[in-house]
Amino acid sequence: MLTETVAGRTYDYTHNVGRGSQSGMGFNWPNALTFADDGTIYITNRGSESISNVGWNRTGVGQRISKVTIGDNWGEEEFLGEFSRYGNGDGQMIWPAGIASSNSEVFVSDEWLNRVTVFDKDDKFVRSFDTVQAGDGETNGAAGIAIAADGTIYVSDSRSHQVRMFKNDGTFISSFGSQGVSDGQFDGPWGITVDHDGKVYVADFGNHRVQKFSADGKVELQIGRPGNKRGELTNPTDVAVDSEGDIYVCDWSKNAWDRGRVHIFTAEGQFLTSLVGDAQQLSQWAQMTVDANADYAKRRREVRSTEPEWTFAQPTAVEWDSANNRLMVADTQRSRVQIYKKQSGYLIPQLNL
């Protein structure tokens with residue numbers, strides 16, 4: 001359904017952005033995204049390493065950060081460029097895992113290098129800091145990253161099964177969590193976010209749930225339970241919270257018949273509905289590729305139905321766009337972002353019970 005209405009809430013699919021085109025624009029397995037104060041969207045990519053041509057800037061299209069603006073409608077997006085590339089030098093990445101923005105700076109966590117790299121608004125390397133601390137052991141993997149209003153940086157570690165807290169300059173504060181299935185424990189924590197009240201939400205991948213914590217790491221709520229039905233979770237990868245407290249969980253899923261969903265819960269953890277993807281029209285950049293190649297166009301007209309490509313394919317990240325009241329889903333295997341607007345005043349009595 002392009003429009004999903006439940007319990008007084010309406011999520012209206014608008015369009016999708018992405019898929020690389022022959023002009024060099026697009027994404028390559030986007031796996032995390034964040035919004036800067038000026039509205040610029042930064043997207044990390046985990047595709048294969050190769051060379052692209054975007055203007056005179058030649059960078060790896062695999063481990064890179066794309067910059068875009070996204071309008072309200074199809075075709076209004078603008079590709080602003082890309083920066084960073086594969087490597088372990090200053091400003092480079094090997095396995096970018098999470099991204100966050102604060103005070104005109106962009107923070108990227110690296111799952112292989114176990115560090116956070118910081119860039120300024122002009123895409124220039126500023127500093128980096130290690131996420132592994134003395135006594136942490138040898139098995140580590142920096143995953144999601146989120147920044148609270150007070151500047152505290154939270155980094156989940158999917159291999160040591162904990163969340164570490166840092167100051168803006170990278171000074172270690174403390175950590176919480178351990179491996180296990182009890183409240184407050186993790187099994188491969190991945191995506192992480194902080195709501196407007198400073199509460200921390202962690203996608204507990206291997207335990208098939210999301211956990212909510214206080215700012216200092218005290219567990220407060222569990223969202224979702226294991227399973228394959230609507231509202232049940234199978235390997236959640238990310239979580240977002242909107243200004244009204246509704247919770248969005250990006251669920252990877254291992255089932256051939258269900259290649260990923262975004263489940264929506266109330267602030268209290270009550271299940272509302274699920275989104276499965278609604279990209280019935282190609283993105284602008286994907287359409288450019290089809291238009292530029294007659295064989296592509298022919299093969300596309302010959303398929304029985306394009307419906308299989310509408311849905312998500314192992315989506316990895318969700319992010320709430322507060323400025324525009326909309327949800328963005330990194331539809332990773334399809335190299336695009338699907339966008340849903342949360343509408344107010346969209347009332348159909350029989351659907352708003």
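Predicted model: local features only at pLDDT ≥ 70, side-chain atom pairs only at ≥ 80, totals over all residues.
Residues are numbered from 1 along each chain as its sequence is written, and side-chain values use heavy atoms, with hydrogens and water left out.

The protein has two helices and 27 strands; these elements are DSSP runs numbered from the N terminus, helices being H or I with at least four residues and strands E with at least two. Of its 353 residues, 57% count as buried, where buried means under 20% relative accessible area, exposed over 50% and partly exposed in between, for a 1.4 Å probe and protein chains only. Contact means heavy atoms within 4.5 Å. Among contacts between residues at least 6 apart in sequence, 49% join residues at least 24 apart.

Strand β25 covers residues 317–321 and includes D321. Why does D321 count as buried? D321 counts as buried because its relative accessibility is 5%. Leaving aside neighbours within four places in sequence, D321 is in contact with F35, R326 and M328. The loop between β25 and β26 holds N325, whose phi is near 55 degrees, a positive value in a residue other than glycine. At 27% relative accessibility, N325 counts as partly exposed.

A second residue with such a backbone angle is S104, which is not a glycine and yet has a positive phi of about 65 degrees. Most residues other than glycine have a negative phi, and most peptide bonds are trans. S104 is found in the loop between β7 (96–102) and β8 (105–110). With a relative accessible area of 41%, S104 is partly exposed.

Another antiparallel pair is formed by β15 (residues 189–194) and β16 (residues 200–204), over four bridges. Here T193 stands opposite Y201 in β16. The hairpin of these two strands has five residues between them, and G198 takes a positive phi near 85 degrees. Strand β15 is mostly covered, five of its six residues being buried.

Helix α1 (residues 284–291) also contributes buried residues, namely Q284, W285, A286, T289 and V290. What covers the buried residues of α1? The covering elements include β2 (9–18), β5 (65–69), β6 (78–83) and α2 (294–302).

N45 belongs to strand β4 (residues 41–45) and is buried because its relative accessible area is 0%. N45 and F27 are 18 residues apart in sequence and 6.6 Å apart in space, C-alpha to C-alpha. T266, in turn, lies in the loop between β23 (261–265) and β24 (271–275), and counts as buried at 7% relative accessibility. Not counting residues up to four places away in sequence, T266 touches R9, G245, D246, I247 and L272.

Finally, there is the second largest pocket. A pocket is defined on a 1 Å grid over the protein atoms alone: a cavity is a set of points where a 1.4 Å probe fits but cannot get out, and a pocket is an open set with protein on both sides within 12 Å along at least five of seven lines, lining residues having an atom within 4 Å of a point. About 330 Å³ of space lies in the second largest pocket. Of its 15 lining residues, R46, E111, W190, W252 and T316 lie nearest its centre.

Key. Points joined across faces, edges and corners; volume = space filled by probe spheres on them. Pairing = 2+ DSSP bridges.
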